[in-house]
Amino acid sequence: MTMTLDTPSGVTSENALTEKQYRWRWPALFVILTGSVMELLDMTVTSIAGPVMRASLGGGTAMIQWLGVAYTLAMVSGLLTGGRLGDIFGRKRMFLIGAIGFVAGSLLCAVSVSPEMIIAARVVQGLFGAAMVPQGLGMMKEMFAGKELQSAFGMFGPVMGLAAVGGPILAGWLVDADLFGTGWRMIFLINLPIGALAVAAALKFLPESRPGGSLKLDIPGALLATTGALLIVFPLVQGREYGWPLWIFAMMAAAVVVFGVFAWFEKRKSRRGGDPLIEPGLFRKRSFLAGMATGTIYFAAFSGFGFVFALYLQLGLGFSPLKAGLSGVPMSLGMIVGMGLVQVVRKHGRKVLHIGALIMAAGVVALLLILGPETGPWQLAPALLVVGIGSGLIMGPYFEIALSGVEPSEAGSASGALTSLQQVGGALGMALLGTVFFDAGTTDPADAAQRTFWVVAVMVMLTFAVGFLLPKRIRDVESAG
């Protein structure tokens with residue numbers, strides 16, 4: 001799931017809806033959850049259905065990578081402005097626009113007849129998903145108060161956990177079932193009735209909110225940040241197919257320049273009293289920079305591992321899409337266990353993250369030791385469970401630790417930046433580790449998986465090392481700066 005964490009600034013206190021004022025708050029929460037689940041499912045389905053989609057539509061191995069990367073990059077570029085659009089034009093309006101556009105993008109995916117068309121349709125999905133999902137937090141803060149607000153937020157964990165477990169299984173089942181002869185296309189067609197119900201329910205139950213006219217979009221900043229991300233990801237995905245020419249490396253070098261221009265532009269915009277995407281003062285805080293570095297490495301390792309693992313099960317072990325989806329369930333369950341444990345050991349701060357990195361790395365190494373041509377789901381389950389528990393122990397405290405050295409006035413900008421960074425890391429991981437896998441696996445997928453998972457283990461241990469730069473304890477502001 002992708003959800004912005006920034007505090008809404010476009011709704012005044014006189015416009016806020018208290019729990020007594022708005023009686024449809026619980027049905028409205030269900031609508032918000034439905035939109036988030038729909039977005040999460042479509043983030044994961046192509047890792048299971050990718051090989052079948054490539055066989056149907058053609059294209060090189062990079063096409064499989066772009067199915068996930070295009071969606072994720074579009075989410076990143078949209079998230080940078082999606083929440084602010086809700087503040088300016090109204091959250092209910094932007095949720096409806098996002099949901100309708102997401103359904104339209106799903107239909108485009110389902111009727112695609114070429115690699116170029118499906119990738120463009122995935123971009124449409126990502127952009128409209130980024131317009132829909134960020135509105136949920138703002139509306140929840142308008143509708144709920146006190147313990148009810150805590151209960152509403154508490155529902156996201158179990159629901160998103162079930163979606164993470166069920167998404168790959170649903171995708172695998174829909175592909176194998178070949179309902180009405182649709183094959184892989186049904187993983188997108190299923191969004192049409194779900195989305196239509198969500199739109200109808202949103203019209204009825206979501207609260208109206210008054211637009212905040214004083215806010216403005218930082219369109220140049222969003223374009224610079226998106227361009228910088230593309231200049232890194234495109235070479236990683238396409239470099240192998242083009243033979244790694246000099247211009248590929250020039251693009252990656254240009255990304256550094258673009259991000260430098262982005263930092264300069266945001267600083268100048270802040271000095272002139274504008275509304276920058278990211279508060280420039282955050283880049284002077286060691287704890288925030290450490291959080292960005294740690295998060296980028298971890299989310300790249302985690303997303304890239306899941307992507308390559310699903311490919312290896314199908315291309316290397318010959319699993320069907322459904323069997324591949326079911327095989328990943330232990331890792332999802334392990335994540336739920338790990339994030340539950342975080343609530344017990346939260347007071348230990350970054351030690352929890354460090355222990356999680358060691359456990360995750362141990363699980364990846366254990367997986368390396370048992371991989372073989374006759375490996376089945378039950379042999380994979382224990383190692384995957386360990387990987388999932390370690391991942392949960394990292395992800396559970398990550399955002400709180402990374403935000404510990406941030407001032408209250410900077411919290412909205414910082415949390416929004418970290419949420420976007422989660423997506424950037426995921427895109428980088430799929431691009432980098434997908435390239436390692438396909439580069440090594442043109443003749444032997446098993447050897448490719450071995451090499452790729454060793455890279456994952458190294459990345460997780462790098463997460464462990466960089467984690468020492470984080471604050472020792474959650475909300476330890478003095479020692480974090």
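Reply: In this predicted model, a search of the whole structure returns 13 aromatic pairs. One of them joins F437 and F438, with the ring centres 5.3 Å apart and an angle of 70° between the planes, an edge-to-face arrangement. Both F437 and F438 are buried.

A further pair is formed by F464 and F468: the planes stand at 90° with a centre distance of 5.3 Å, and the pair is therefore edge-to-face, because planes over 60 degrees apart are assigned to that class. As for burial, F464 has a relative accessibility of 19% and so counts as buried, the limit being under 20%. F468, by contrast, has a relative accessible area of 44% and is partly exposed.

Ring pairs also build a cluster, whose members are Y298, F299, F302 and Y398.

Another ring has a charged neighbour: K323 is placed over the face of F319, 4.3 Å from the ring centre.

Of its 481 residues, 57% count as buried. Among contacts between residues at least 6 apart in sequence, 83% join residues at least 24 apart. The chain exposes about 19,500 Å², and 67% of that area is supplied by carbon and sulfur atoms.

Methods
Residues numbered from 1 in each chain as written. Predicted model: local features only at pLDDT ≥ 70, side-chain atom pairs only at ≥ 80, totals over all residues. Heavy atoms only, no water. Phe/Tyr/Trp six-rings, centres within 6.5 Å; stacked < 30°, edge-to-face > 60°. Buried < 20%, exposed > 50% of the residue type's maximum accessible area, 1.4 Å probe, protein only. Lys NZ or Arg CZ within 6 Å of the ring centre and 35° of its normal. Contact = heavy atoms within 4.5 Å. Areas by Shrake-Rupley, 256 points an atom, 1.4 Å probe, with all protein chains shown as cover.
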